[in-house]
Amino acid sequence: MGWYEAMKDALRVADSIKDADLKLKLAAVQMECAKLSEDNAQLRQELVDLRKQAEVRQEMDYANDVYWRVAGEGKRDGPFCPKCLDGKAMLARMSNQASDRYWRCHVCDHVIEKSGRGSPRNSPSREDKGMDFFGS
Ligand SMILES: [Zn+2]
């Protein structure tokens, strides 16, 4: 039996013994329980989000002033904006045009010059689908 059903039973008992004071106090407890339940659900969601962020963080490698997502078996995806990831814990893909000397973030307009030292250990993936790791 959950707290809500238990509270309904207690209110029913208070009603049957015609104790108005007890009924009022139980109603106040019921309101507090509802608020606690709501807070608990919100905290659980925040925990899920933070775990997801920590997982993504572990997959990220910082190289050439941007983040690259290590996608297993030596594959890399990216680049991702360091300003968005470090500042807002948001994974924002940067544009990576071969004809452009810069990587550009379309979320915060951050621009980073591609280093002349070549690409990171592995070439970034060419696919450019949207990624929303932290969206709700
Ligand atoms: Zn950005």
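Analyst: Happy to. A89 is found in the loop between α3 (82-88) and β4. Bear in mind that this is a predicted model.

User: What makes the phi of A89 worth a remark?

Analyst: A89 has a positive phi of about 50 degrees, although this residue is not a glycine.

User: And is A89 buried, exposed or partly exposed?

Analyst: A89 has 15 other C-beta atoms within 10 Å. Buried needs 20 or more and exposed needs 12 or fewer, so A89 is partly exposed.

User: Why is K18 called exposed?

Analyst: K18 has 8 other C-beta atoms within 10 Å. The cut-off for exposed is 12 or fewer, so K18 is exposed. K18 sits in the loop between α1 (3-16) and α2 (20-59), and its phi is positive, about 50 degrees, although K18 is not a glycine.

User: Which residues make the contact?

Analyst: On the α1 side they are W3, M7, A10, L11, A14 and D15, and on the α2 side L22, K23, L26, A27, V29, Q30 and C33. By class, the contact of α1 with α2 has 10 nonpolar, one polar and two charged residues.

User: On to the strands. How do you know that β1 and β2 pair?

Analyst: Pairing asks for at least two bridges. Strand β1 (residues 60-63) and β2 have four bridges, in the antiparallel sense, so they pass that test. One example is D61, whose bridge partner in β2 is W68. In the hairpin of β1 and β2, two residues lie between the strands, and N64 takes a positive phi near 55 degrees.

User: And what makes β2 and β3 a pair?

Analyst: Three bridges join β2 (residues 66-70) to β3, and these strands run antiparallel. Since at least two bridges are required, the pair qualifies. Among the partners, V70 is bridged to R76 in β3, and Y67 to F80 in β3. β2 and β3 also form a hairpin with five residues between them, where G72 in the turn has a positive phi of about 75 degrees.

User: Why is the sheet of β1, β2 and β3 described as open?

Analyst: The order is β1-β2-β3, with antiparallel pairing. β1 and β3 stand at the edges with a single partner strand each, so one side of each is left without a neighbour in the sheet. The twist averages 30 degrees from one strand to the next.

User: What makes β2 largely enclosed?

Analyst: Four of the five residues of β2 are buried, so the rest of the structure largely encloses this strand. Strand β3 (residues 76-80) is mostly covered too, with four of its five residues buried.

User: What joins G78 and P79?

Analyst: A cis peptide bond joins them, with omega about 10 degrees. P79 is found in strand β3.

Conventions. Residues are numbered from 1 along each chain as its sequence is written. This is a predicted model: local features need pLDDT of at least 70, side-chain atom pairs count only at pLDDT 80 or more; totals for chains, interfaces and linings use all residues. Axes are lines fitted to C-alpha atoms, for helices over the stretch in contact, and angles run from 0 to 180 degrees between N-to-C directions. Two residues are in contact if their C-beta atoms, placed from the backbone, lie within 7 Å. Ala, Val, Leu, Ile, Met, Phe, Trp, Tyr, Cys and Pro count as nonpolar, Asp, Glu, Lys and Arg as charged, and the others, Gly among them, as polar.
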